[in-house]
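Trainee: I have this one open on my screen and would like to talk it through with you. Can we start with the ligand and then move on to the sheet?

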Amino acid sequence: MVAKQNKPKKIIGLIAFEAFIDGNVFGYVHLLAVTHERRREGIATALKQAALDQTATDGCIGMESKVALENIPMQQVNKYWTPEIEPSEEIGGEGFLKTVIPYEQEI
Ligand SMILES: CC(C)(COP(=O)(O)OP(=O)(O)OC[C@H]1O[C@@H](n2cnc3c(N)ncnc32)[C@H](O)[C@@H]1OP(=O)(O)O)[C@@H](O)C(=O)NCCC(=O)NCCS
């Protein structure tokens with residue numbers, strides 16, 4: 001229960017991700033979104049960094065995601081980690097870029 005004098009809590013951003021096995025274990029981001037009024041505060045960057053940290057801890061060797069060709073904001077967010085970007089060649093993947101952020105390999 002929320003006391004009357006408190007403002008109702010609101011979700012301002014969310015990320016959905018998982019680990020998958022494709023020869024190696026990769027992280028994959030399914031969804032990342034921030035409410036309009038809280039954009040450009042670094043929230044998406046912080047959420048994705050948390051997902052990168054968690055999947056690296058879980059043994060993944062990198063993080064993949066797909067971004068629509070016209071989604072410049074998300075492509076700009078991804079540039080923070082300078083990911084490898086390539087056209088998505090999967091069925092139904094037309095119009096999307098596949099981004100891969102490889103984690104540093106310990107030698
Ligand atoms: C894409 C999205 C998640 C970015 O969230 P955000 O919290 O605003 O992103 P950040 O504040 O971490 O942005 C980091 C940097 O990315 C770049 N960037 C973010 N949004 C941008 C925009 N609209 N235009 C240009 N550059 C942008 C900027 O360089 C920004 O740094 P700066 O604000 O210091 O200049 C948000 O716009 C969103 O929810 N969009 C709709 C959902 C979506 O498309 N999700 C991705 C596919 S699932």
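Predicted model: local features only at pLDDT ≥ 70, side-chain atom pairs only at ≥ 80, totals over all residues.

Trainee: Okay, how many residues surround the ligand, and which are the closest?

Mentor: The ligand is surrounded by 18 residues, and the closest of them are Arg39, Ala44, Thr45, Pro73 and Gln76. Two or more residues of that shell come from each of strand 2 (24-34), helix 1 (43-57) and helix 2 (72-78).

Trainee: Which element gives the largest share of the shell?

Mentor: That is helix 2, which contributes 5 residues to the shell around the ligand.

Trainee: And what is the shell made of by class?

Mentor: Sorted by class, the shell around the ligand holds 11 nonpolar residues, together with 4 polar and 3 charged ones.

Trainee: Switching to the sheet, in what order do the strands lie?

Mentor: The 5 strands make an open sheet with mixed pairing, and their order is 1-2-3-5-4. Strand 1 (13-22) and strand 4 (84-87) each have a single partner strand, so one side of each has no neighbour in the sheet. From one strand to the next, the twist averages 25°.

Trainee: How do strand 1 and strand 2 run, parallel or antiparallel?

Mentor: They run antiparallel and are joined by 10 bridges; among the pairs, Ala16 sits opposite Leu31 of strand 2, while Ile21 has Val25 as its bridge partner.

Trainee: What about Gly23 in that hairpin?

Mentor: The hairpin of strand 1 and strand 2 has 1 residue between the strands, and Gly23 takes a positive phi near 85° there.

Notes. Residues numbered from 1 in each chain as written. Near = placed C-beta within 6 Å. Helix = DSSP H or I, 4+ residues; strand = E, 2+ residues; numbered from the N terminus. Nonpolar A, V, L, I, M, F, W, Y, C, P; charged D, E, K, R; others polar. Pairing = 2+ DSSP bridges. Axes fitted to C-alpha atoms, helices over the stretch in contact; angles between N-to-C directions.
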